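Please open the model in a viewer and keep the selection tool at hand. The tour begins with the whole chain and then turns to one of its elements.

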Amino acid sequence: MPKKVFITGASGCVGHYLIEELLAKTDYELYLLVRDRRKLQINLSDRPNVHVIEDSMQNIGNHKDLLRTMEFVVSTAAGWGGEEAFVVNRDKTIELFSMLDPQVCERAIYFSTASILDSHNQIIREAGEIGTAYIASKHSCLETLENSIIRDRLITVFPTLVFGGAADKPYSHLSKGLKDILKYVPYARFLKTDGSFHFVHAIDIAQIVTHLLTAPSVPSSPARLVLGMQRLTVQDLISQFCEHLNLKVGWQFELTPWLVDTVIKLFRIEVAEWDRFCIAQRHFTYDVVSPETFGLVSKYPRLANLLAEVK
């Protein structure tokens, strides 16, 4: 019998790529939890192995009997702010995983965020204390799940900066704003600052998750996998943006953390405590995995691959 996979947040950017990967590479029965089936941009009319469940995470308890039959669960659903963040990202996600049957469930994949980790993939205290509602709720949820009944089959993935989207798929928040970001490059090229980060495309996330759901062996649980391509510095970012726009990088003014803090104080700019923490942090780098880690090939290994598609 084909394995059953329950996917939350299926109508989102990552969800669309994951559905396509699973349909292309497996015969699994897919159960898709979506708030509005009209947001699914994939033609599923000839897919008898795909079952769309139109409901919200707030009502996840209504699907307890179905969840107990699942071999796999992938939780990508997220509330981005306010009270919804704690309800969806913490309370209802914990409830979802608590309803799985340990005798049936083989792997449970939970989507967190790299923002709650330090450079060695360890949870940072500040994420829970001063993080935004989204970050604090993810922080709280992870600690609970890693001590839950399914901890021995839990794989937590921590996407870094996520790009993705196409004419037949919703765009990620970053990809939506990429065209606008390029408008500021002619000015940003004159600035220099110390910082670094990782990014990952949704299709590469989907490749990795599909591998985790099909491979005979996976990392020991509870596993933490930070998803990202090689480290990029802010200067790398500016250089590649300028190359894409055929602009030269010449003299640059160094924007130090001290100078940023001075500007904030001088102009009395309101900055949240978490934002101040991030400004001081500057480097958001981790021990990352990419498709190559699992013998696969990244579709978007470099920033240039992303920029080539900006219209």
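Begin by selecting the entire protein chain, which belongs to a predicted model. Among contacts in the protein chain with a separation of 6 or more, 75% join residues 24 or more positions apart.

Keep the protein chain selected and consider its dimensions. Its C-alpha atoms fill a box of roughly 65 × 40 × 35 Å along the principal axes. The radius of gyration is 20 Å, which agrees with a compact globule, because a compact globule of 311 residues would have a value near 19 Å.

Next, switch to a cartoon display. The protein chain contains 12 helices and 14 strands.

Now display the surface. The protein chain exposes about 15400 Å², of which carbon and sulfur atoms supply 52%. Buried residues account for 47% of the 311 residues.

Colour the charged side chains next. There are 33 positive and 36 negative side chains in the protein chain. How far apart do the centres of the two sets lie? The separation between these centres is 4 Å.

Finally, select residues 13-25, which form helix 1. This helix has 13 residues and reaches 19 Å from its first C-alpha to its last, close to the 18 Å expected at 1.5 Å a residue. Is helix 1 mostly covered or mostly uncovered? It is mostly covered, with 10 of its 13 residues buried.

Conventions. Residues numbered from 1 in each chain as written. Predicted model: local features only at pLDDT ≥ 70, side-chain atom pairs only at ≥ 80, totals over all residues. Heavy atoms only, no water. Helix = DSSP H or I, 4+ residues; strand = E, 2+ residues; numbered from the N terminus. Expected span 1.5 Å × (residues − 1). Buried < 20%, exposed > 50% of the residue type's maximum accessible area, 1.4 Å probe, protein only. Rg over C-alpha atoms; globule rule 2.2 N^0.38 Å. Contact = heavy atoms within 4.5 Å. Areas by Shrake-Rupley, 256 points an atom, 1.4 Å probe, with all protein chains shown as cover. Lys, Arg positive; Asp, Glu negative; His and termini not counted. Charge placed at Lys NZ, Arg CZ, Asp CG, Glu CD.
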